Amino acid sequence: MSFIDIRKFVSIMKVLGYSHTISMDSFRKPNFELVADCLHWLMMRYDPTIDLDTDISVEARRVAFLKRATHLVLSGPRLKLNLRRLYSADGYAVKELLKVAQLLHNATMAATNNEKEGADFGPSLKPFDVKTTRLLVSDITRCGASLYAVLETEPALQEARSRATMVNTDMDEIERGLKEAITAMLESISASEQEQSSSEKDEKAMEAKVEKRKLELERSEKRLSTLHNVRPAYMDKYEALQKDLHDLFVTYSEKHRNLQWLQSQMEEHRLAEQEKLEDTDRRMRRLQRRLHEEELCILRGEEVNGSMVSAGSSEESDGEGTTFWKWFDGSSFKSILDPRAKVEARPANTNDRMIRKAPPEWIHHVKRLPETPRQVVSNTQSREVNSAKNRDQVKNGDDTKPGPPSTHQISPNESDISGDLEEGDDELLDMDGLDPKDTAEDDSTDDDF
Amino acid sequence: MKLAFPSKFASPHTDLVSAVGWNLAGEVYSCSDDHTIWKWSRNGEALCRVCTVTETSFTDLQWYPSISQRHQTGSKSEMFVVGCTDGSFLIISKGGSREKRVEAHEGAVICLRWNFEGTALATGGEDGIVKIWSQSGIHRSTLATTGYSIYAIAWGPDSDQLLFTHGTVLVIRPIQSTSKQVEWEGHESLVLTLDWNPVNNCILSAGEDCRYKVWDCYGRLLYRSSKFDYSITSVAWCPSGELFSVASFGIVLLCDKSGWVFSKERLDTGLMQRLAWSKDGTQIAGAAGNGCVVFGQLVARQVEWKRIIATLEESNRIRIQDVLNETVEELDFRDRIIKMSLNANHLVVATATQCCIYSTSNWNTPHIFEIKDTIILLKLCRRYFLMVDAFCGLQLFTYEGRHLSNPKYQGLRAESLNDQIVSLSDDILAITDHSDNKTVIFLDASKGKQVGELVRHTLEIVVISLSQMRSSTDQKLIFIDRNQDLYITPIFSVALFKLATMIDDAIWNDSIDILAAVSNQKMIVLYYPHAAYVDKDLLKYVKLTKECLVGENAKFQSFHGSRCTIRRKDGATYFTDISPYAFLLFEHVVLKQWDQAIRLCRYAKDNILWACLAAMAVDSKELNTAEMAYAALNEVDKVHYMLHVKDLPSEDARQAELALFKRRPEEAESILLQAGLIYRAIKMHTRLFNWDRALELALLHKQHLDTVLWIRQQYLKRTHVEETKQQFRQLNQQVQIDLEKILAKIDNDKERESHCQRASGHQTSKHQLVHAVTLVQGPFLPKGVSSK
């Protein structure tokens with residue numbers, strides 16, 4: 001029987017914290033040293049203040065040690081140890097030692113459990129409040145009173161009770177009634193149980209179904225996600241094409257915008273041109289009229305100058321007219337008609353428009369050009385243009401000329417314009433610079449500006 | 001890998017729990033000093049009290065062993081035995097009724113164990129006697145009587161041996177008294193607990209010297225742990241033999257079979273009295289000194305393959321990690337995962353009821369099929385995988401979940417198979433069975449029938465492995481025997497060849513036939529072990545010995561590509577690489593690109609490569625390449641021989657000479673005789689000093705008798721020795737030797753041979769030309785072809 005005791009003893013001693021390893025074979029042979037050591041350790045564990053002599057060198061001392069120890073155990077925890085068995089220091093000694101060890105083990109276990117559980121009920125003990133105590137006290141008195149009242153009715157009830165017991169009741173009937181009641185009750189119980197079980201089954205089925213659906217959902221979601229991840233084969237191509245399209249659209253829109261702007265510019269320009277044209281037209285007509293009058297005057301033999309002045313002053317006297325007039329001597333006035341004829345001859349010509357588009361700064365620049373080269377240019381051009389002019393004249397025919405074209409003198413203006421038509425941009429500038437109006441202004445007095 | 005324990009334990013037991021035991025249904029029975037036996041569910045809930053025995057306390061509990069749920073026969077297997085302190089043991093049925101009480105020992109019965117078949121029960125008692133009982137509790141024999149209490153016993157794998165301990169001594173005693181017992185001093189102080197695993201045949205022992213030790217079945221020490229704080233009270237092998245657990249005061253360790261510790265769990269349960277693994281090896285139950293029964297779940301098991309790591313997170317969840325993509329997948333399963341294996345682009349997971357096959361490219365849609373019994377072993381190869389259970393035996397499935405075959409052989413014991421004694425290749429399955437572990441059986445993978453002949457060896461075979469390269473004709477098997485010698489043999493014509501000695505473990509590369517082995521502190525790489533069958537002299541060249549700090553008993557984990565993983569004895573993983581040139585070389589050779597192969601060797605300037613090339617060239621009769629390779633190795637004699645072979649007039653003669661080169665004279669002779677080249681055969685034997693056979697051939701074919709006699713005479717004259725052979729002496733007197741005639745005959749024969757060759761060569765040259773044209777770009781034309 002010692003195996004189980006030793007096993008338990010070993011286990012308990014380890015739990016209690018005995019530092020040495022107790023072998024399972026320790027007590028196969030009498031081993032008093034170990035018994036004494038264990039006992040001493042256990043006693044110390046029980047009460048560290050105990051005075052116990054550990055000298056076990058001789059037999060008498062050993063007996064004394066055991067006596068003292070057993071006495072202490074008896075006086076303290078009231079355990080009776082068999083001294084003879086302890087002294088034999090074999091398997092039976094373990095049994096004795098186990099008593100002490102078990103006691104200590106139980107105590108430590110209880111202590112640790114209390115420590116654990118103490119946390120639970122500790123706070124509830126703490127508030128020992130008067131209110132609940134008072135309530136309890138009043139409860140007690142009330143209970144006492146009711147008990148007293150009930151007891152008072154006892155004699156009367158006793159009588160009734162005895163009467164009731166006296167009456168001979170039909171036991172069978174009662175039994176039957178009870179049985180019926182019992183069966184009815186059982187039936188109802190079974191029915192409700194059945195109901196419960198069926199509902200439980202339903203619930204389970206439903207749960208399973210829900211679970212299944214969930215799983216299905218999960219799976220299909222997973223599949224969906226994989227499908228999302230899959231990239232169709234044509235995607236790359238599609239994207240490339242989309243990019244191309246976008247680029248094309250950008251270029252298209254840019255071009256479209258430019259076109260629109262250019263068209264609007266063109267429109268604007270055309271209007272401006274129209275206006276200018278009309279203006280010149282009007283002016284020309286006026287001039288023509290005046291010239292006509294002058295001519296008439298001359299024909300009539302009146303004094304030219306006087307009429308001239310009067311005519312100039314009478315007609316709002318725009319500087320142009322006068323200076324222009326000054327610049328040309330009266331003999332060559334007919335040539336003025338030519339530019340108008342030119343303009344009228346080619347209203348749709350784009351080159352014409354381009355010419356007029358030249359910005360005013362350039363004009364100024366050209367104005368400041370030295371005198372000599374311009375003249376050279378104009379001279380050379382005049383020669384060239386002469387032939388060109390003739391060509392033009394041939395082409396256009398006489399119908400465009402409002403004035404009498406019989407006498408043909410080439411003016412610098414005219415040569416410039418036609419030169420431009422034939423030549424490049426340089427001539428164009430020159431021509432602009434030699435616009436009749438401008439040249440008139442150049443040569444006239446500065447007060448015109 | 002670790003054991004996960006719940007944080008709190010509740011127990012109906014009020015006193016020390018002395019033992020626990022699992023039954024097949026996954027229930028745990030625990031017996032305690034409070035005289036009760038309780039039943040627990042797998043999840044650690046106390047289900048009900050089975051019985052109460054007031055008159056005595058319990059010491060040990062063991063369930064009747066039944067291998068499979070489907071093998072159960074009636075109620076007989078639904079029982080367990082408990083040992084009692086009054087010296088008896090009780091046989092108790094599942095429901096708790098006491099079937100029998102047997103008086104067994106004086107003092108307490110301390111330990112009892114069923115053997116693996118369930119035919120016998122061994123008990124050990126406080127009185128120091130070991131007894132064997134029949135299944136029904138009838139005393140059969142008293143095995144041993146010692147002066148000490150028997151604290152632990154364990155049956156050997158075949159149930160023909162019993163291991164027990166008394167004091168500090170471990171004893172293996174055969175049941176039949178005829179054989180000798182093995183006895184050794186195991187520990188410094190009392191041995192308290194033992195276990196013996198039937199699968200890996202290793203013994204575990206531990207005791208009061210605070211160490212645990214692993215022994216092999218001959219009592220040789222494999223591992224000795226460091227000292228713990230307190231005596232170790234229980235050890236238990238996991239049924240698969242891969243792991244074991246060790247318990248002491250307040251701690252439970254999980255260890256690898258080679259001894260090193262996976263994890264250490266601290267539990268506040270007092271002195272752990274007993275540990276028990278569940279039958280499927282996924283859970284452990286422990287009987288604690290404070291009256292608890294603790295349940296641990298094996299988690300964080302990890303398998304790796306190339307860039308994928310699969311980790312068992314919980315009992316039914318696997319986490320897949322792709323290291324390169326850094327993607328993580330979680331796989332959830334309906335029930336407990338019992339085995340998982342990752343290899344060859346597939347993950348196979350066996351749960352309690354299902355088998356799920358995942359491809360590593362798609363974790364969403366596994367192939368699933370039902371399985372009938374608990375899986376014991378799961379092993380993957382490129383084409384299919386092997387699943388072993390106790391009910392169906394071996395089963396092969398493809399990765400689509402289609403059943404391929406059900407290999408069977410006589411004496412199959414599925415439950416004893418483990419990873420090391422089963423090997424798979426694309427067509428062949430090799431097994432060393434437990435019942436006869438000196439032989440290796442080859443089974444055809446698609447038919448399940450036995451193929452080839454058995455490999456019979458004189459010693460127990462410990463590890464086997466099949467080469468993995470795709471060609472099945474020259475597939476080889478390696479094995480390591482008990483003496484740690486490494487052998488190689490072809491599968492179809494068994495011829496054992498010893499490659500190395502003192503080998504701890506060996507592994508084939510997973511794609512080509514490179515063999516790696518570890519012996520003490522060294523790693524040996526054999527780049528072309530087939531050289532053993534081509535030219536043994538090349539073996540010294542193809543062997544690369546690398547110093548590496550792996551220590552003793554290192555085991556290979558994997559050998560993918562050029563990367564080799566070794567697990568050291570102390571559990572550390574050691575990575576090492578081999579040269580990648582060999583892979584390129586093999587690739588070229590497989591594609592028959594010989595000149596590329598030569599170029600590669602020239603570039604690498606490595607004798608190993610040249611030697612591999614030489615062996616492979618000779619093996620595929622590529623003489624020019626072989627000549628160049630031997631020249632690079634400075635093997636002048638071999639070069640000369642190659643030249644000589646090339647000069648031979650007939651194809652058959654060349655074949656025969658090459659066979660002779662490979663040390664197979666019988667093969668050479670049969671080639672020559674078949675081709676009718678009698679003179680060559682005779683000449684060959686005289687060259688080999690195989691006079692008797694030469695004479696025999698001459699007599700048989702009635703040709704060249706005088707030639708043989710003449711050569712013999714010349715030989716004797718040169719060596720100044722008298723004729724001693726009786727037959728020659730007789731014939732010398734009968735036969736007239738005319739030198740001129742002989743020479744004429746020889747010339748005639750040679751002429752005839754070359755003539756024949758020309759005639760046949762004429763026919764073949766056309767074919768060879770076509771062949772040469774198809775090879776245009778890469779390979780060179782053999783010189784022989786162009787000259788013809």
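This is a predicted model: local features need pLDDT of at least 70, side-chain atom pairs count only at pLDDT 80 or more; totals for chains, interfaces and linings use all residues.
Reader: How many helices and strands does chain B have, and what makes a stretch count as one or the other?
Author: Chain B has 14 helices and 54 strands. Residues are numbered from 1 along each chain as its sequence is written, while chains are lettered from A and ligands numbered from 1 in the order in which they are written.

Reader: What share of chain B counts as buried, and what is the accessible surface of the chain?
Author: Of its 788 residues, 57% count as buried. The cut-offs are under 20% relative accessible area for buried and over 50% for exposed, with partly exposed in between (1.4 Å probe, protein chains only). The accessible surface of chain B comes to about 33600 Å², and carbon and sulfur atoms account for 49% of that. The method is Shrake-Rupley with a 1.4 Å probe, and for residues only the protein chains shown count as cover.

Reader: Why is strand 34 of chain B called largely enclosed?
Author: Strand 34 (residues 354-359) has 5 of its 6 residues buried, so the rest of the structure largely encloses it.

Reader: What makes the residues of the largest nonpolar core a core, and which of them have the most contacts inside it?
Author: A nonpolar core is a set of buried Ala, Val, Leu, Ile, Met, Phe, Trp, Tyr and Cys residues joined through side-chain atoms within 4.5 Å. The largest one has 97 residues, and Leu486(B), Ile514(B), Leu613(B) and Tyr630(B) have the most contacts inside it. Helix 4 (residues 607-619) of chain B gives the most to this core, with 11 residues. A second, separate core of 45 residues includes Leu42(A), Leu72(A), Val73(A) and Leu104(A).

Reader: Which residues does Leu486(B) touch?
Author: Contact means heavy atoms within 4.5 Å. Beyond four places in sequence, the residues touched by Leu486(B) include Phe479(B), Phe497(B), Ile503(B) and Leu515(B).

Reader: How do you know that the buried residues of helix 6 of chain B line one face?
Author: Lys638(B), Val639(B), Tyr641(B), Met642(B) and Val645(B) are the buried ones. Seen down the axis of helix 6 of chain B, they fall within an arc of 160 degrees, so they line one face. That arc is taken from the directions from the helix axis to the C-beta atoms. On the other side, Val636(B), Asp637(B), His640(B) and Asp647(B) are exposed. The cover over the buried residues includes helix 4, helix 5 (623-632), helix 7 (651-661) and helix 9 (678-687) of chain B.

Reader: Why is Leu81(A) called buried, and where is it found?
Author: Its relative accessible area is 9%, so Leu81(A) counts as buried. Leu81(A) is in the loop between helix 3 (59-75) and helix 4 (83-88) of chain A. Beyond four places in sequence, its contacts include Leu39(A), Val73(A) and Val100(A). Leu81(A) and Val100(A) are 19 residues apart in sequence and 8.8 Å apart in space, C-alpha to C-alpha.

Reader: What makes Ser558(B) count as buried?
Author: Ser558(B) has 16% relative accessibility, so it counts as buried. Ser558(B) lies in strand 52 (residues 555-560) of chain B, and Ile507(B), Arg563(B), Cys564(B) and Thr565(B) are in contact with it, leaving aside neighbours within four places in sequence.

Reader: What is the phi of Cys210(B), and why is that residue called buried?
Author: Most residues other than glycine have a negative phi. Cys210(B), however, has a positive phi near 65 degrees. Cys210(B) is in the loop between strand 19 (202-207) and strand 20 (212-216) of chain B, and its 5% relative accessibility is why it counts as buried. Met502(B) also has a positive phi, about 55 degrees, in the loop between strand 47 (497-500) and strand 48 (503-508) of chain B.

Key:
Side-chain values use heavy atoms; hydrogens and water are left out. Helices (H or I, at least four residues) and strands (E, at least two) are DSSP runs, numbered from the N terminus.
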